[in-house]
Amino acid sequence: MQQKSSYLFLGIAIVIEIFATNMLILSEGMSRPLPAITALIGFMASYFFLTKAIRFISLGIAYAMWTGIGIFLNTILTVTFWGVKLHFMSIIGIACIIIGVLVINLLSKSNNEGVTYG
């Protein structure tokens, strides 16, 4: 059960990180106070939940998932809502990140059972 809740915490950390990253866009270079403060609070909350997740998920796997899924979903959001255009090589790079996260989680022989950091 503890490992399942760790994945829940990781999911929450990812969602909050995506929200905070998009607040950075709205902050216009941290020049708009409300989105800037919201982004900072969001990043702190994301790190808080990430630290909860790594109690029972190894740091390397949790961090790979946090960044990889975050990059993928933030890319989709910036293309969809912010009108960012992706070049072909950017798409290839993001695909490599997704493949890396999948390999780590599905094919790696890393064992998270029994991992406790505190």
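User: Which residues does Leu10 touch, and what makes a pair count as touching?

Analyst: Contact means heavy atoms within 4.5 Å. Leaving aside residues up to four places away in sequence, Leu10 touches Leu50, Ala53, Ile57, Ala62, Met65 and Trp66. The model is predicted: local features require pLDDT of at least 70 and side-chain atom pairs pLDDT 80 or more, while totals for chains, interfaces and linings use all residues. Residues are numbered from 1 along each chain as its sequence is written, and side-chain values use heavy atoms, without hydrogens and water.

User: What makes a group of residues a nonpolar core, and which residues have the most contacts inside the largest one?

Analyst: A nonpolar core is a set of buried Ala, Val, Leu, Ile, Met, Phe, Trp, Tyr and Cys residues joined through side-chain atoms within 4.5 Å. Buried means under 20% relative accessible area, exposed means over 50%, and partly exposed lies in between, with a 1.4 Å probe and protein chains only. The largest nonpolar core has 13 residues, and those with the most contacts inside it are Leu10, Ile14, Leu50, Ile57, Ala62, Met65 and Trp66. H1, H2 and H3 are the elements that give two or more residues to this core. In soluble globular proteins, nonpolar side chains tend to be buried together.

User: How many helices and strands are there, and what makes a stretch count as either?

Analyst: Helices (H or I, at least four residues) and strands (E, at least two) are DSSP runs, numbered from the N terminus. On that basis the protein has four helices and zero strands, in the order α-α-α-α along the sequence. Of its 118 residues, 31% count as buried.

User: Why is Glu17 described as having no salt bridge?

Analyst: A salt bridge is a side-chain nitrogen of Lys or Arg within 4 Å of a carboxyl oxygen of Asp or Glu.

User: How is Met30 classed, and why?

Analyst: Because its relative accessibility is 40%, Met30 counts as partly exposed. Met30 is also in the loop between H1 and H2; its phi is near 65°, a positive value in a residue other than glycine.

User: What makes a nonpolar surface patch, and which residues form one here?

Analyst: Patches are made of residues with over 30% relative accessible area and no salt bridge; like charges are joined within 9 Å, and nonpolar side chains (Val, Leu, Ile, Met, Phe, Trp, Tyr) within 5 Å. Ile25, Val79, Phe81, Trp82, Val84, Leu86 and Ile91 make a nonpolar patch of about 610 Å². Areas come from the Shrake-Rupley method with a 1.4 Å probe, and for residues only the protein chains shown count as cover. Val79, in helix H3 (residues 59–81), counts as partly exposed because its relative accessibility is 35%.
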